[in-house]
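I opened the model to look up a few things and kept these notes as I went. The entries follow the order of looking.

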Amino acid sequence: MKFNAVAAVSAAALLAGNVHAEEAKDAEASSVTPKIAAFTLKVDGGFEDGADLGPVISPHSKARIEALIQSAEDEGATILLDGRGYTPAKYPNGNWVAPTIISNVTPKMKCYTEEIFGPVLVCLNVETLDDAIELINKNEYGNGTAIFTRSGPTAETFRRHIEAGQVGINVPIPVPLPMFSFTGNKKSIAGGGASTFYGRPGVNFYTQQKTVTALWQSADAVSQKADVSMPTQS
């Protein structure tokens with residue numbers, strides 16, 4: 001099974017867990033899938049036909065992303081796919097960072113503790129589902145996360161115990177439709193709720209609530225029918 005910890009609605013960290021024997025062959029075959037898929041992505045100008053990824057937002061952003069990639073290498077991680085130094089021929093002066101995959105990452109590495117905000121996937125290994133949930137819940141951010149599994153009980157356990165505002169089950173980036181809230185958790189809640197700007201929570205965010213407490217006696221009602229019966233003492 002695989003667990004995808006998501007930050008800022010981009011795949012930021014991939015947690016790979018142990019698999020059953022019957023799934024081992026599939027897991028071995030899929031272990032190189034992210035790298036192969038990343039190789040096929042076209043990095044080019046945003047308005048160019050077939051472009052999958054454009055440049056990052058600024059030279060400062062490019063320098064920051066490349067510094068975090070370098071920090072991972074310095075701290076002992078493995079750069080499986082290095083997107084530094086890529087430049088499309090038509091745009092030699094752009095802020096380019098191609099897809100990058102980093103493995104053997106640990107929770108104390110800078111590339112994991114800081115949000116990269118770039119086309120970089122960091123990969124960590126865990127032994128069990130409980131280990132994955134514990135690792136994700138220890139992260140100070142909690143925007144979104146996802147699990148990929150064939151087991152319904154595993155998915156339900158993950159959903160129930162995970163501390164993230166958006167949870168995907170076999171969905172890579174759990175960005176909800178407009179009728180649902182774009183939620184966050186922990187430090188991913190901007191301004192104490194400003195990230196819940198879709199759906200009913202969005203309406204509630206812009207709603208000033210009023211609480212009214214009142215007491216009326218049924219005998220004071222003015223719309224009752226006239227009572228002409230003889231009064232009796234009961």
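**Aromatic rings**

The partners are Tyr-91 and Trp-96, which are tilted, with 6.3 Å centre to centre and 45° between the planes. I then checked burial: Trp-96 is buried at a relative accessible area of 2%, whereas Tyr-91 is partly exposed at 30% (buried is under 20% relative accessible area, exposed over 50%, partly exposed in between; 1.4 Å probe, protein chains only).

**Ground rules and confidence**

This is a predicted model, in which local features need pLDDT of at least 70 and side-chain atom pairs count only at pLDDT 80 or more, while totals for chains, interfaces and linings use all residues. Residues are numbered from 1 along each chain as its sequence is written, and side-chain values use heavy atoms, without hydrogens and water.

I read a mean pLDDT of 81 for the protein chain, with 76% of the residues at 70 or above (pLDDT is the predictor's confidence in each residue, from 0 to 100). Over residues 19–31 the pLDDT is below 50. Where pLDDT is low, the predicted coordinates should not be read in detail.

**Nonpolar core**

I noted 28 residues in the largest nonpolar core, where Ile-102, Val-105, Val-122 and Leu-124 have the most contacts inside it (such a core is a set of buried Ala, Val, Leu, Ile, Met, Phe, Trp, Tyr and Cys residues joined through side-chain atoms within 4.5 Å). α5 gives the most to this core, with 5 residues. The core lies between domain 1 (1–127) and domain 2 (128–200), because both give residues to it (the bounds come from an automatic or database domain assignment).

**Two single residues**

Ser-61 sits in helix α3 (residues 59–74) and is buried, at 14%. Beyond four places in sequence, Ser-61 touches Val-56 and Phe-117 (contact means heavy atoms within 4.5 Å).

Thr-106 is in the loop between β4 (100–103) and α4 (110–113) and is partly exposed, at 36%. Setting aside neighbours within four places in sequence, I found Thr-106 in contact with Tyr-112 and Leu-124.

Technical notes:
Helices (H or I, at least four residues) and strands (E, at least two) are DSSP runs, numbered from the N terminus. Rings of Phe, Tyr and Trp (its six-membered ring) pair if their centres lie within 6.5 Å; planes under 30 degrees apart count as stacked, over 60 as edge-to-face and the rest as tilted.
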